[in-house]
Amino acid sequence: MSALVSTPYFGIFLTVFAYWAGVKVQKRTGLVVCNNMLVSICLIIVVLTVFHIPYESYYAGGSVINMFLGPATTCMAVSIYSKLEQLKKNWLPVLVGCLTGAVTSIGSILIMCRLFGLDKATTVSLLPKSVTTPIATAVCEGQGGIVPITVAAVIVTGIGGNLLGPYLIKLFRIKDPVAAGLGLGSASHAIGTAKALEIGETEGAMSSLAIGVCGIITALLALFFDVLL
Amino acid sequence: MKILVQIGMVFGLYWLSQCIEQILPFPFPASVISLLLLLVLLVLRVIKLEQVREKADFMLGNLAFFFIPVSVSIMNYIDVIRENAVAFLVICVVSTVLTFGATAWAVQLTCRFLNKRKEGK
């Protein structure tokens, strides 16, 4: 068995298949909780556990896919670039909002990590969790955090923001669609943006703008994590 | 061939960013350097959007896929998760609520300020 699964093609096949299944499940159910990434990860873990396949065997193929992570992040420049006109039009509210959001997120997480007495590795894994996965994981890795914990926190945050979004808009009495969109994007990245797009066009556009801007601001703020911790 | 050149460009850019990461005196992730680099090149029109569009659309459309292998390693950290499950959940939910509120209020205040200044003129 171990000889059969230690070739890289096994991991690549399993990942593609699980991702395909994850996308199908999300489309079929239409539920936010059935996030395609979450479904694929769970599916792979179940397969590996049931057949007693060690993570290392899977990662022989997984590492090949992992190589594309960096270049995939590079491509986010294209999505930011295509929204540049909107950024120019609203630059002040976007910058003020995203900076406030990033600082609030990092600050509140830091305080709560202290209260719960979490260690340094876990804390730096959680600090960037409000921004989009590629940037959050890059920040986590650079600070010596545990990448899979960051990914899990990013997904939980996204799903939370998506589900709570409409209630938060009411709770904080947000009337301005620009404010609601930027709030959703900076609190819960792409998964929150899916909800913003449902609420309205302006909300959706502003939310997706916030993904990139908050990501870059958080990466810059991470330079000072050493001072904070 | 077109796609191959695009792949080459993005990978080349990423390699360049890794080199920059090595030179920088402070730790800054290569992936974010490459993002900023491509953004600057697009803004300066050194690279045109058409020259990277297909590759970028493919990568961005399937972004979640590239994260799966590293995320599966969470199975090696089940103990850390189980021990801190309550803390993780509270931190995720509370910070999401606070971040949303702070951002949205900051934006509303800024917009109000801008409108007043416009009316004042």
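**Chat over a two-chain model**

Trainee: Let's start with Arg173(A): buried or exposed?

Mentor: Arg173(A) counts as exposed because it has 9 C-beta neighbours inside 10 Å. The cut-offs are 20 or more other C-beta atoms within 10 Å of its own for buried, 12 or fewer for exposed, and partly exposed in between, with C-beta atoms placed from the backbone. Bear in mind that this is a predicted model, where local features need pLDDT of at least 70, side-chain atom pairs count only at pLDDT 80 or more, and totals for chains, interfaces and linings use all residues. Residues are numbered from 1 along each chain as its sequence is written, while chains are lettered from A and ligands numbered from 1 in the order in which they are written.

Trainee: Got it. Where is Arg173(A), then?

Mentor: Look at the loop between H11 and H12 of chain A. Helices here are DSSP runs (H or I, at least four residues; strands are E, at least two), numbered from the N terminus. The backbone of Arg173(A) deserves a glance too: its phi is near 50 degrees, a positive value in a residue other than glycine.

Trainee: What about phi of Arg45(B)?

Mentor: That one is near 60 degrees, again a positive value in a residue other than glycine. You'll find Arg45(B) in the loop between H2 and H3 of chain B. With 8 C-beta neighbours inside 10 Å, Arg45(B) counts as exposed.

Trainee: Staying in chain B, where is Asn62(B)?

Mentor: Asn62(B) sits in the loop between H3 and H4 of chain B. It counts as partly exposed because 15 C-beta neighbours lie inside 10 Å. Tyr14(B) is 48 residues away along the chain, and the two C-alpha atoms are separated by 18 Å.

Trainee: How do H8(A) and H5(B) cross?

Mentor: The axes of helix H8 (residues 91-116) of chain A and H5(B) come within 8 Å and cross at roughly 155 degrees. H8(A) and H5(B) are therefore roughly antiparallel to each other. (Angles over 145 degrees count as roughly antiparallel, under 35 as roughly parallel, 65 to 115 as roughly perpendicular and the rest as oblique.) Axes are lines fitted to C-alpha atoms, for helices over the stretch in contact, with angles from 0 to 180 degrees between N-to-C directions. The contact of H8(A) with H5(B) has 17 nonpolar, 10 polar and no charged residues.

Trainee: At what angle do H12(A) and H13(A) pack?

Mentor: Helix H12 (residues 177-199) and helix H13 (residues 201-221) of chain A pack at about 80 degrees, with their axes 6 Å apart. That makes H12(A) roughly perpendicular to H13(A). Their contact divides into 15 nonpolar, 10 polar and 1 charged residues.

Trainee: Ile217(A) is in H13 of chain A. Which residues is Ile217(A) in contact with?

Mentor: Leaving aside its neighbours within four places in sequence, Ile217(A) is in contact with Cys98(A), Leu99(A) and Ala102(A). Ile217(A) is buried, with 22 other C-beta atoms within 10 Å. Its C-alpha atom is separated by 9.7 Å from that of Val131(A), 86 residues apart along the chain.

Trainee: And what does Ser79(A) touch?

Mentor: Ser79(A), in helix H6 (residues 76-81) of chain A, touches Gly212(A) and Leu60(B), not counting residues up to four places away in sequence. Ser79(A) is partly exposed, with 17 other C-beta atoms within 10 Å.

Trainee: Last one: where in chain A is confidence lowest?

Mentor: In helix H1 (residues 2-5) of chain A, at a mean of 76, while H8(A) is highest at 96. Chain A averages a pLDDT of 93, and 100% of the residues score at least 70; pLDDT is the predictor's confidence in each residue, from 0 to 100.

Technical notes:
Ala, Val, Leu, Ile, Met, Phe, Trp, Tyr, Cys and Pro count as nonpolar, Asp, Glu, Lys and Arg as charged, and the others, Gly among them, as polar. Two residues are in contact if their C-beta atoms, placed from the backbone, lie within 7 Å.
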